[in-house]
Amino acid sequence: MIGKHKEFGVVYTPQWVVDLILDNTVQGHDPAMKICDPSCGDGAFLARLVERVCDALPARDCRRALENITGFDIDAGALEECSRRLDAALAAAGKRFRIKWNLHCMDSTSRASLARYEGRFDCVIGNPPYVRIQHLGEARRKRMQKDWVLANHGSADLYIAFFEIGMFLLKRGGRLGYITPNTYAKTMAGRSLRRFMLEQHGIACLIDFGEHQIFDGATTYSLITVLHKNSKRGKFALYRYDGKRIVNKGLVSVSSLPAEKLWTLESEKTLRKIARIMSRGRPLGEIADIHVGIQTLADDVFILEKKSEESGVVVARDMHGRDVRIESAVTRPILKASLMKDGKDAKERIIIFPYVGSRLIAEACFREQFPMAYRYMARHKALLLGRDKGKFAPGRWYSFGREFGLTETFGEKLITSGMNKRPNFQKCTAPEYTFYSGYCVKPKAGIDLDALLPVLNSDEMDFYIRHTSRDYQNGWKSYAKSFIQDYGVPADIAARVRHSQGVMWG
Ligand SMILES: C[S@@+](CC[C@H](N)C(=O)[O-])C[C@H]1O[C@@H](n2cnc3c(N)ncnc32)[C@H](O)[C@@H]1O
């Protein structure tokens, strides 16, 4: 089952979520209504549909309605289970007739297989698979990219293509209701799907689950999306799950959902308050440079707890608690943004920094000039080469995993962890320190950190992030650059900032 979970993106949907989608998509039980779940699995949606149809319709209409239900899945075993489940639902409803269910084992991402169903359905519902397209075999990936515009993105996911597939199956004016990850609304990778929805199809309803988890055994931040094919709408209905119930946030203007930017799913009243914050003064990203911290992809190797330093040699503790000696000149002091309090890190740490400015020191020079550091790194060579799923460039085995911020993370700055429950920007006035596990804000036009710090740690920043940023479990919010850069810094503070000296360290 583990294999199937990964390859087919198998996560089954709880019944109350199925009901929410059916309530907002199927609406009424016209026996002529044709309904399809293109990734029906063991039939969570279809079995519930059978129960609801049997409840709502008299025998003759009921039979016709049931014959109009269709399911596809790539997994023959799941379809057998689905068939049994539909029979059981029919029997439990006291129906004496049998139905030959329209269940088809096929790859719903194949346009050729789907061709005969094009434009056939009034409703498409479901919980499509969540699998990164780059994890499919090359032949399948290429075929999908030929078949579906929305699969043509490096980091596209199968669930994104399933929106296009659903629309292909629907008649004009048909309705689609899916539960999927919210990443299409909250990441730049979702831009093409956002554009597809806004330009071609009406967004009728969004139900946001925020940080709340609804699937057993899978961490996913979920969103229900209901679309009406080829029908543009001015407003959509917004709901939010608060952990206990679905809260109605009212009708919201579709113009608050830009294709090019991440979506803020909030009531019109909250959106107005957010707009006031964003439009005042100047955006943080304009008055300050915001940089991500050092990313080694092997922090346990590169970053060590410092014990002492003498005669140009640092004694530090390695990941196994053993002492290692490293030449001081190839190290830099480093702060862990996520553990900072009162401007200090919980520990004194160093990072092995095999760079001059942003240039990697050649391996022969590294070995010759810093033999202790080189020997230590060489002991971890296999682990370092295993980064990026083993695709790490062999000649650069001792480099950082990502080479961002090699010079920019030094200097005076405000530092924030990448995730916080409340704003927690910390001032770092020691320019020789770099940092990791977060972001820094360096005012462009001066180093008036003291004026900026309370603005970034304010209740307004808390409000702004709470409503615009990505959710994580237990109330954590993302403070990544993409979420903090549009925060409006009040004009009086923005104006106090002086011109930067442009000092670079590293
Ligand atoms: C997230 S599960 C949802 C199953 C079911 N709809 C539910 O909600 O409980 C995704 C389903 O997609 C199916 N699937 C994965 N790739 C598929 C493909 N290319 N064509 C059709 N079904 C596929 C899996 O077998 C799995 O049953």
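At roughly what angle do the axes of helix α3 and helix α5 cross? Here are two close-ups of a predicted model, in which local features need pLDDT of at least 70, side-chain atom pairs count only at pLDDT 80 or more, and totals for chains, interfaces and linings use all residues. Residues are numbered from 1 along each chain as its sequence is written.

**Close-up A. Helix α3 alongside helix α5.** The axes of α3 (residues 44-56) and α5 (residues 76-92) cross at roughly 20° and come within 9 Å (axes are lines fitted to C-alpha atoms over the stretch in contact, with angles from 0 to 180 degrees between N-to-C directions; helices are DSSP runs of H or I, at least four residues, numbered from the N terminus). So α3 is roughly parallel to α5 (an angle under 35 degrees). The crossing of α3 past α5 is right-handed (the near helix is turned clockwise from the far one by less than a right angle). L46, A47, V50, E51 and C54 of α3 meet C82, R85, L86, A89 and L90 of α5 (contact: C-beta atoms, placed from the backbone, within 7 Å). By class, that's eight nonpolar, no polar and two charged residues (Ala, Val, Leu, Ile, Met, Phe, Trp, Tyr, Cys and Pro are nonpolar; Asp, Glu, Lys and Arg charged; the others, Gly among them, polar).

**Close-up B. Helix α2 against helix α3.** Here the axes of α2 (residues 15-25) and α3 come within 10 Å and cross at roughly 65°, so the two helices are roughly perpendicular (65 to 115 degrees). This crossing is right-handed. On the α2 side, the contact takes in Q15, V18, D19 and L22; α3 brings A44, F45, R48, L49 and R52.

Terms used. Parallel < 35°, antiparallel > 145°, perpendicular 65-115°, else oblique. Contact = placed C-beta atoms within 7 Å.
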